Amino acid sequence: MKKLFLFAAIGLVLSSCTKGFDVPEPTPDPTPDPTPTNNKATQEEINANVAKVFGTTFSSDQDWSSTTKYTVSIAADAPMSDIVKVQILTEAPYLNEDARVLNEATTSKGQSVSLTYDCPVEYTELVAACVDSKGVYYVAGFKAGDAQVNFQKAAQARTRAAYTLPTPPTAANLKMQYANSYPTYNAIRTQKAGQTGENNNIKPWLNSGWENERIWMLNNEGGNDSWNVANSTVFRSVSITPEEKSGLETIFAALGGKNASDTNHKAINLTTIRNSPVYELTKNYLISDGKAPITVTPVLMLSTEIANSNLYYYYFDPADLNDKTEEQQIAFLKSLPKFKCVDCAQTKTAGGIDNNNKGVFFKAHEYLLPYYGDIKNIGTSDVAAQGFIFPEGTRIGFMLRKAMEDEPDSHNGYVNKSYDKTNNGEVYADGRLNQQVNQFPNFTSAIAKGMKLDDPRAAIFGANQKAYLMFEEGVDVNYADIVVEIQGGLVEVDAAQQINNNVYTFCFEDRDLGDYDMNDVVIKAERLNISQVKYTVVACGAYDELYLRNINGQTLNTTTEIHALFGVTNLSTFINTQSKNYEPVSEIITVDPSFSFTDFSKQVYIYNKTQNYDVKMSQKGEDPHGIMIPSDFAYPREKVCIKDAYTQFNSWGENPITSTDWYLTPVEGKVMNAFTK
């Protein structure tokens, strides 16, 4: 069930589900070891076996650790009405299912908490978060290893609550003239789609209902000392502060930013965007609070075609959709006039952003959105702005138009000759309006990457008491072609976040002369908070009698044999190393606040009673009989050596400063994928 919080914010409390596992009959090992005892080997024999299995010699400096322990003091001083906890995150949580919690503590506003956390080697920049009672986040970036972090620097960036604007121009002087308007590509394509001899590419527009959509342009008159009126927009020059830039880098690092055009960086999650709180509740329409003007400020421009694009807005009273079917609502939205609000070429030039330094956050222009009154039946009449505050509850939508030619003075002539140019088109934050353009050449490649015909071409979310709009105008689906910050008289769009804990996987090879499939015992662990750790025994691919050490729970303890945890008495039974045939066994254990998974004396390890020796986490210079991976690791399948399941494992073993993220790229078919929890 979705909940919409109107405490001057839109919020969503997300829930998770738990799935069990069907438990078939035990699967005995078809080829059990005929001599399960007397496997104690000399160091020379172990070294020879390692060289034989791995085909290489590992570095004497390799300590087999992909995790570093740190402690940081966090001051819960974010500008929020209430704070109930602080967290350390791997990444900012907004529209980002990959963010993970490294540790957290319950606290209250103004208090400071010391948190010990185990940082995966892939992260050097982390995120601290204050979380309020509704699950809304306020974040600040810090470097792994910093001694302390607070939110005062992040709070110095201008926020909605403390935002004031210079006096706007006289509204009546801002005029939209019918002679200075023209049909959109959608309108022209719809008008021509049924004509004889027309290009088949525009057939999706046949009877699509776009005939009356028009773009309206200001007359470029009526500015004042603070605001310019040019290129059919109302704007003023602004600059970015160091605090604002730092905050943007933290918020967007996992959503594109400098990495948006990096093909090796993770792609934006389309499922997350189409199921985002704002989209599910409003179809990506912002809501006016009726109290202040609304402004739009570009902060990132990544598209190589951004200079040929412009941002438009439209608005309506939600009551206008009452008693309308979905089809009628869409027809109404198509017919609304679209007003230009951002001239991208103008801002890109002023910001000094070119294709060599794209990915740099900047501010050059802040654009003001005029309100023209009730425009649903604007027809051919000229209209003047009535003011700059939209009535409370007004819905405001956005459209990005890409026109790969300069627009001449004669707009109609331009449109008529280029409507069939396949990289021209209008894309919408409301995905229902993208049905036709998403079938057009040069836009369809996005469909091949997972976009649906009615997916939103923009993502809207709230972060640190601001709203952000990210547009995808083309095919790479990074949703960072243009990113704008939206300020002023809006109901906030801060959404409650629910973020998973980071998982640490312990993998053991139980025999001295092993095959190094590293699945003889597999244990997953999560730091739930400052005083609790959840351990889960996931798999056992061993023949020997094995016991846990350094876990002293009711279920997971030193006296219960590991096979027996799964109800198995036959020691030659594979448990979740060929198929997921047994449900993992979990227990939450109380720990000291200073606990770390990297502390050797506190790490879980295995006692092999059959062989009468301990199997602990491998130390510097040892072979990898026990390793901890700081992720929900897909461990190798039975009899598959870890070097074959992860082709960079040997490189990391040979040189501990290279291929440190080896565990992120498994070979398909050679690993057991993570259990659904």
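I started with the cysteines: the structure holds 0 disulfides, a disulfide being a pair of cysteine sulfur atoms within 2.5 Å. This is a predicted model, where local features need pLDDT of at least 70, side-chain atom pairs count only at pLDDT 80 or more, and totals for chains, interfaces and linings use all residues. Residues are numbered from 1 along each chain as its sequence is written, and side-chain values use heavy atoms, with hydrogens and water left out.

C130 is buried at 0%, and C641 is buried at 7%.

Next I looked up the cores (sets of buried Ala, Val, Leu, Ile, Met, Phe, Trp, Tyr and Cys residues joined through side-chain atoms within 4.5 Å). The largest has 77 residues, with L311, Y313 and F398 among those with the most contacts inside it. Its largest share, 6 residues, comes from strand β15 (residues 309-316). I took strands as DSSP E runs of at least two residues and helices as H or I runs of at least four, numbered from the N terminus. A second, separate core of 57 residues includes C119 and Y504.

Then I went to the open sheet: 5 strands, antiparallel, in the order β29-β26-β25-β24-β32. β29 and β32 each have a single partner strand, so they stand at the edges. Strands β24 and β25 pair over 6 bridges, where pairing takes at least two DSSP bridges. I found T505 bridged to K524 in β25.

Last, I noted that helix α8 (residues 344-351) has C344, Q346, T347 and K348 buried. G352 follows α8 with a positive phi, near 65°.

Notes. Buried < 20%, exposed > 50% of the residue type's maximum accessible area, 1.4 Å probe, protein only.
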